[in-house]
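I opened my notebook to look at how two chains meet. Here is the structure I worked from.

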Amino acid sequence: MSPIVVVGASLAGLSAVDAIRGSGHDGDVVVLDAAAELPSDRPPLSKQVLAGTMEPAAAHQPLANRLEELDVDLRLGCRVESLDATALRLDLRDGTSLNASGVVVATGATPRSLPGPSLQGVHVLRTLEDSLALRADLLSGPDRVAVIGAGFIGAEVAATCRELGLEVTLIEAASAPMVRVLPVAVGSFVADLHRDHGVDVRLGVGVEGLVADGERVRGVALADGTSVDATVVVVGIGVVPDVAWLDGSGVPVGNGVTCDETCLAAPGVVAAGDVAEWFNPHFGERMRVEQWEHAIEQGAAAGRRLLAADTDAVPFPSVPWFWSDQYDRKLQMAGRPAATDEAHVLEGSFEDQRFVVAFRRGDRCTGVLGVNRPRHVVQARMRLTESLDWAPIEELLA
Amino acid sequence: MKVVVNFDLCESNAVCMGIAPEVFEVRDDDFLYVLQEEPAEELRGKVEEAARRCPKQAIAIED
Ligand SMILES: Cc1cc2nc3c(=O)[nH]c(=O)nc-3n(C[C@H](O)[C@H](O)[C@H](O)COP(=O)(O)OP(=O)(O)OC[C@H]3O[C@@H](n4cnc5c(N)ncnc54)[C@H](O)[C@@H]3O)c2cc1C
Ligand code: SF4
């Protein structure tokens, strides 16, 4: 019988393998990744590894030391060029092809970059290599670092740069940081946190382009006519799901791979992690979640789905959870609020920089965010897993 | 079964507490407390799950 083929050897892909083995499947499993080495764990790349407080080798994925036990045929440096979902055949960059009995799509996402020629000193951050290259540039002692985009990665990089003693300008086109995932009130707290730590925060201003000095970046031109002088620029303007290789495959693609509520994208093809958009029955919404724990949980669900008969398939309900470390503050959030949801501070206060805020839409709680309040967030998450009703959350946190 | 947490690695994000509140508790001082260092065998599944899910891989189980 043909092997199960997992495309992507990061969190979602390896978690799928773990679930496949955990379900007792002892057939061949091939795991392919375009990267030359097993992908590192990513969260430390904007935090400890960038700061130099963690050895790069320590930033390994949770399953990295269980590969042998998982008994996989791991092929690194092996990019999949295309898939034929009807025949379940994959064509690889090296010109060979592989037949599969099932395919797990776990190809994650790639950072967006700015248009224009590539310049020295301009960085994106996704891989260990990216993190080490940025760190080398930071250690060369730039006068100022410009961070474009105040999403989670941009905000964490800004914090790490400040901790390294560098001057930082954080540029965000929206009116507050993180508005893609958080109501404005919380975004404003994050902006203030960075200002308190000496970051020059510029909100509501777009980037016109980079200013070059020969091959090297010299600054960032802003839409309001001003500019920021910086010899190191970090671009954190979001990621694009890695689905180009699925063009013409028969696998539906939109905002990532389009899956049903069981993580199935086409017969014999499942998807998980940053690349996968699925119908989350718990929220009654389609979503694509770019978070560490989610990649593990959805990877496991997708692995089990691949082995299940259609009649036994179960949906994958989820209350996503993530953390972000900025300075000595730990942000954690459970759920999936929209920027327009009401924000209610139920514990602590913004001034103390220690609080719990719950997001409300009608009689629903769409999420709970804590700053240095891990216990509250975890407990709220357990409640939200039972139901999204607002009243029990208010009661829990009151 | 003995639960050992490497507190140099632990970031107090309370994932373990979400999975096995009988064994792990993050208190208001932001520190993790291990409530039972030698939990009963019936908690093994949960403790193993917590060890697997800990983002810092800070939990070890010594049989
Ligand atoms: C710097 C950084 C910090 C982060 N911090 C946090 C955090 O604090 N908290 C949090 O919750 N989340 C965080 N995340 C997000 C988290 O790391 C991701 O959600 C997670 O890595 C997603 O895992 P994945 O397996 O879906 O995809 P990825 O990790 O992106 O892996 C996909 C893999 O597929 C491979 N691939 C792609 N295309 C092909 C192809 N055609 N053929 C073969 N292989 C291919 C790639 O090489 C890659 O290794 C962070 C991410 C980054 C980049
Ligand atoms: S999950 Fe790990 S890092 Fe988080 S509190 Fe528990 S032991 Fe510490």
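I first looked up the contact (heavy atoms within 4.5 Å): 17 residues come from chain B and 25 residues from chain A. This is a predicted model, in which local features need pLDDT of at least 70, side-chain atom pairs count only at pLDDT 80 or more, and totals for chains, interfaces and linings use all residues. Residues are numbered from 1 along each chain as its sequence is written, chains are lettered from A and ligands numbered from 1 in the order written, and side-chain values use heavy atoms, with hydrogens and water left out.

Next I checked buried area (accessible area, 1.4 Å probe, that two parts lose on being put together, summed over both). Chain B and chain A bury about 1,700 Å² between them, with 52% of it on carbon and sulfur atoms. In chain B, the residues that lose the most area to chain A are E11(B), D28(B) and R53(B), together 32% of what that side buries.

Then I looked for salt bridges (a side-chain nitrogen of Lys or Arg within 4 Å of a carboxyl oxygen of Asp or Glu). I found four across the interface of chain B and chain A. One of the pairs I noted is E297(A) with R53(B), at 3.2 Å, N to O.
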